[in-house]
Amino acid sequence: MFVDKAKIFVKGGDGGNGIVSYRREKYVPNGGPAGGDGGKGGDVIFRVDEGLRTLMDFRYQRHFKGQRGERGKVKTMHGANAEDMIVRIPPGTVIIDDESDAIIADMTQHGSEIIVAKGGRGGRGNCRFASASNPAPDFAENGEEGEERSITLELKVMADVGLVGFPSVGKSTLLSVVSAAQPKIGAYHFTTLTPNLGVVDVGDGRSFVMADLPGLIEGAHEGVGLGHDFLRHVERTRIILHVLDMSGSEGRDPFDDWKKINQELELYNPILAERPQIIVANKMDMPEAEEQLELFREQLAAESDANHQIVPMSSLTKKGVQELLYKAADLLETVPDTRLIEEVKDVAERKVYKLEEEEDRSFKVGKENEGFYVESVFIEKFMKRVNLNNSYDAIMRFARTMRQMGVDAALRKIGAKDGDIVRIGDYTFEFFEGSDFYYHD
C-alpha cells in the first residue's frame, strides 16, 4: 500500500540524573564531593533512505522516543550518553511541525539527516557545585527532559518524469509498457489512486524514473477529486509528459483538456507552469485520431507562440513509444536536478553557526484566593532539574535563584507577607519576608 502522509509523535531521550556521592578512601580525609554527571539523552534523527518509496512504516508505528541517558557514577564518573534513534524516511519527505505549521526540513538527498527531537542534557552531580562557601554540597541535578513534538510527514514522489492528464487517457498503460511496473489498469475513471513508479530503460544506456500520477479533474487545485493528493507529487518531477487522448474516445476535446490541466498546475503552483513539458498524443491507433491531431496542432499554434514538442504514439501498438523515450531522455539532460541543489542549499543554510539564544527568564506574579502564584517557563523547567524533595541545600539554591531573578521583590510589591503561600507549578512554598527564602511546603 502506498502511504504519502503520516502524523507521528517524537520525543528525545531524557538526560540521566546527576548523583550525590563523596570520596571515601583510606588516608584521604575530607575527600569531598565525587558525584558524576548524568549522560545526555538520545536524539531522534530522520535519515533519508533511497530504498524506501512510501511512508507505510509510519502507519503502524506512530511514536518514536529516544533512550534515556545513564545516571552519573561515583568517583566523578560521567554517565554514558544514550545512542541516537535513527528513523529511515524515503527521499522527498517534507517534515512539518504540527504546532507552528512550519516546515522543519525538506529531505531529498540520500543519506541526509536532521534532528527532529533533541535529547535532554544530563544533570550535574554534586561535585559540580562545590565552592569555598559550600565545599560539600548535598544535592545534584536531575536530567533535562528531551524535546517532544507532533509532526506531519508528507511524501512528494521523487521521479524524473511525471505523467499527467485526465483520467483514462492511458498513463498507467504507458508506464506498464516502458517499465517493469504493474499498475492497476481498468476501463473506468480513477483506476490509479496512488502514484506508481517505474524505472525506464531507454535502450541506449540511459534510464530514468517515471511516475504514473493519479488523474486530474477541473478544480483539483482546490482539492476537488484527488486534488492535492495528486498535485503534491507533480512538484518533484523534473519534466512533465502531458498525456492526451487524441482520439476523443470519451467525448472530450484534447485541446480543451490540455488547457484545463495546465491551468490546474499553474493555479496550484506557478512554478509548474514553467516545468519542461512534452505533449503525448496517445491512442493514435483509434479512428479519427489523425484528424484530431491536426486540429490540435492548429489550435495550439493559434493559442501559444511556444514551440511545444508533440509525440504521437499508441500504448496499445507501442508505435511511437521509443521516440517518446528518446525525447524524454534528451530533455532530461538539459534540465538540472534542482531538487538536489535546493537540498544542498538548505543544508548549507542550516549549518551556519549562531550563538544560542539566552533562555527567557521572564516571569509573572499575581494573587489567587488567599495566596500568590508565580508563572515562568524557565522557573518550572529549573524546578524539574533541582530535587526539592530530599535536600535542604537544593531548596536554598532554588531560593537564591528566585531572589536573584527578582521574584521576591515582585511578590513583596503586590503584598506578599511572612507566612503567605506561594504556588509555582505543582509546588507550594511558604514566603518569609525577612529572609526572602522559600521553604518547601
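Which strands make up the open sheet with mixed pairing, and in what order? In this predicted model, the open sheet has three strands, and they come in the order E4-E2-E7. Strand E4 (85–89) and strand E7 (113–117) sit at the edges, so to speak, each pairing on one side only. From one strand to the next, the twist averages 30°.

Val 44 is found opposite Ala 117 of E7.

Strand pairing also turns up around E1. Strand E1 (residues 5–11) runs antiparallel to strand E8 (residues 148–155), with seven bridges between the two. Here Lys 5 faces Glu 154 in E8 across the pairing. E1 pairs with strand E3 (residues 63–65) as well, this time in the parallel sense and over three bridges. In that pairing, Phe 9 has His 63 of E3 as its bridge partner. As a general point, side chains in a regular strand alternate between the two faces of the sheet.

Is Thr 401 buried or exposed? Its relative accessible area is 14%, and because buried means under 20%, Thr 401 counts as buried. The side chain of Thr 401 also has a polar contact: it reaches the backbone oxygen of Arg 397 at 3.0 Å.

Technical notes
Residues numbered from 1 in each chain as written. Predicted model: local features only at pLDDT ≥ 70, side-chain atom pairs only at ≥ 80, totals over all residues. Heavy atoms only, no water. Buried < 20%, exposed > 50% of the residue type's maximum accessible area, 1.4 Å probe, protein only. Polar contact = N/O pair within 3.5 Å; in protein donor to acceptor, adjacent residues only side chain to side chain. Pairing = 2+ DSSP bridges. Helix = DSSP H or I, 4+ residues; strand = E, 2+ residues; numbered from the N terminus. Axes fitted to C-alpha atoms, helices over the stretch in contact; angles between N-to-C directions.
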